[in-house]
Amino acid sequence: MPQQNLYFTGREEILESLHNVLKDTGKTVLRQVIAGLGGVGKTATATEYAHRYSAEYSCVLWTLADSETSLVSGFVGFARQLGLPEREKQTELVEDVKQWLSSNTDWLLILDNADNPEVVKPFLPNPCGGSILLTSRAQTFDVLSIKSPIDLGVMTPDEALDFLKERTQRSNLPTTELTAAQELVRELGYFPLALEQAGAYLLAMKTPFTKYLTLYRERHLARLEKKKPVTGGYKGTVATTWTMNFEQVEQESSASADLLRFSAFLAPDDIPLELIETGASAISPTVEAAFANGETVHELLERLTRFSLVRVDAETQTYTIHRLVQMVIQSRMDEPTQAQWAKSVVLAVNQAFPKVEFQNWPQCARLLPQALQAAVLGQQYDLSLLELARLLNQAGY
């Protein structure tokens, strides 16, 4: 089990919710998942739970679960930890561990980075005498009989500020430094991995918050990448954490990959799904072809939600992408490619923006943040387009 993170901050409601689910004596299956974007603090939260409540369990078993190989290796280690007899074959040890888990109670099994529930399923004991906690970038776990995973989001502003102050060992800040720290956590999107990288740099270099904020605003991701995470159990930096997921999306669907690139230039919150449907022909030929072949916007987005790269709100029919994900995607492009995607945003939003009549005002309101974003992109990339002029005229009206 990983060491306890001395800088762990907040997440009290999440930890309490986990405890309630995993120690509910009225339930026959005690399973839960902490799901969310890579770098949002899933492993750190699971680690904190394990250390905080370890006295309530007969034993705590922890393994990486990102592949069948990792799971087999982890279960072989469990066999030694539990004092089970030696076996010639690893598969026999796995079955012995599963049998032990079925026959004993009050244990806690943590499967970290269980991004593919189908791979995990054969390793779960049946019947189950203890509690199972998974961390995962996936969003659906019905195959594991878990219907309501805990969706771990970013920190609250207060949690983020408290973490950064604790991480940098700075408590009584003067007003200017406190203001700079508050602005910094906001610009980092309250994202735990980014806060850890910034905090590690600030501690090592003894840089004032005011100075670091200026440096970050000048170079953004390049500045953040100056320091790797030290605490929290993170496997990579902000720039590298999602690289494998980007590549997996690209291999599975070029249309979904293009939708992700397109989304990197949109206003990140509450993006209407109808923008993608109506503006498909302006996004890219692959997205247009996907719709022509019968795919839906929900199917294109599912490949992104599978890794928590975006979050879809079924009730409002919108989706959201974190600003740091946008930043990393943009950083993988040269400037002409960025300008081309910015142009696609302008054309798609213009295509989707309806005629400004009273009955269309609700739809105009849903698209207004994207129209304002198109104005920003027009200036940033010097886009001289009739479509942009028409869009801004409509939005202004």
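Reader: Is Glu-250 buried, exposed or partly exposed, and what is its relative accessible area?
Author: In this model, which is a predicted one, Glu-250 is partly exposed, with a relative accessible area of 35%.

Reader: And which side chain does Glu-250 meet in a salt bridge?
Author: The side chain of Glu-250 meets that of Arg-261, with N and O 2.2 Å apart. Arg-261, for its part, is partly exposed, at a relative accessible area of 25%.

Reader: What does Glu-252 form a salt bridge with?
Author: Its partner is Arg-306, and the closest N and O atoms of the two are 2.8 Å apart. Arg-306 sits in the loop between helix 17 (297-305) and strand 7 (310-313), whereas Glu-252 is in helix 12, so this pair ties together parts 54 residues apart in sequence. Arg-306 counts as partly exposed at 27% relative accessibility, and Glu-252 is partly exposed as well, with a relative accessible area of 45%.

Reader: Which residues are in the salt-bridge network with Glu-252?
Author: The network links Glu-252 with Glu-295, Glu-302, Arg-303 and Arg-306.

Reader: How many salt bridges does the count come to?
Author: The count comes to 17 salt bridges. One of them joins the side chains of Asp-269 and Arg-323, at 3.3 Å from N to O. This pair links distant parts of the chain, 54 residues apart, with Asp-269 in the loop between helix 13 and strand 6 (271-272) and Arg-323 in helix 18 (residues 323-331).

Reader: Back to helix 12, please. Which of its residues are buried?
Author: The buried residues of helix 12 are Asn-245, Phe-246 and Val-249. They lie on the same side of helix 12, because the arc that they cover around the axis is only 105°. Turned away from that buried side is a face that carries the exposed residues Met-244 and Gln-251.

Reader: What do the buried residues of helix 12 pack against?
Author: They pack against helix 11 (238-241), helix 13, helix 17 and helix 18.

Reader: How many bridges join strand 2 to strand 3?
Author: Six bridges join strand 2 to strand 3 (residues 107-112), and the two run parallel. Within that pairing, Cys-59 has Trp-107 in strand 3 as its bridge partner. Strand 3 and strand 4 also pair in the parallel sense, over four bridges, and there Leu-109 stands opposite Ile-132 in strand 4.

Reader: One last topic, the rings. How many aromatic pairs are found in the whole structure?
Author: A search of the whole structure finds eight aromatic pairs. Among them are Phe-75 and Phe-78, whose ring centres are 5.2 Å apart and whose planes stand at 50°, so the pair is tilted. These two Phe residues are three residues apart in helix 3, and about one helical turn separates them.

Reader: Are Phe-75 and Phe-78 buried or exposed?
Author: Phe-75 counts as buried at 0% relative accessibility, and Phe-78 is buried too, with a relative accessible area of 2%. Another tilted pair is Tyr-201 and Tyr-212, because their planes stand at 50°, with the ring centres 5.4 Å apart.

Reader: Which residues form an aromatic cluster?
Author: Tyr-49, Tyr-53 and Tyr-57 form one aromatic cluster.

Methods:
Residues numbered from 1 in each chain as written. Predicted model: local features only at pLDDT ≥ 70, side-chain atom pairs only at ≥ 80, totals over all residues. Heavy atoms only, no water. Salt bridge = Lys/Arg side-chain N within 4 Å of Asp/Glu carboxyl O. Buried < 20%, exposed > 50% of the residue type's maximum accessible area, 1.4 Å probe, protein only. Pairing = 2+ DSSP bridges. Arc of directions from axis to C-beta. Contact = heavy atoms within 4.5 Å. Phe/Tyr/Trp six-rings, centres within 6.5 Å; stacked < 30°, edge-to-face > 60°.
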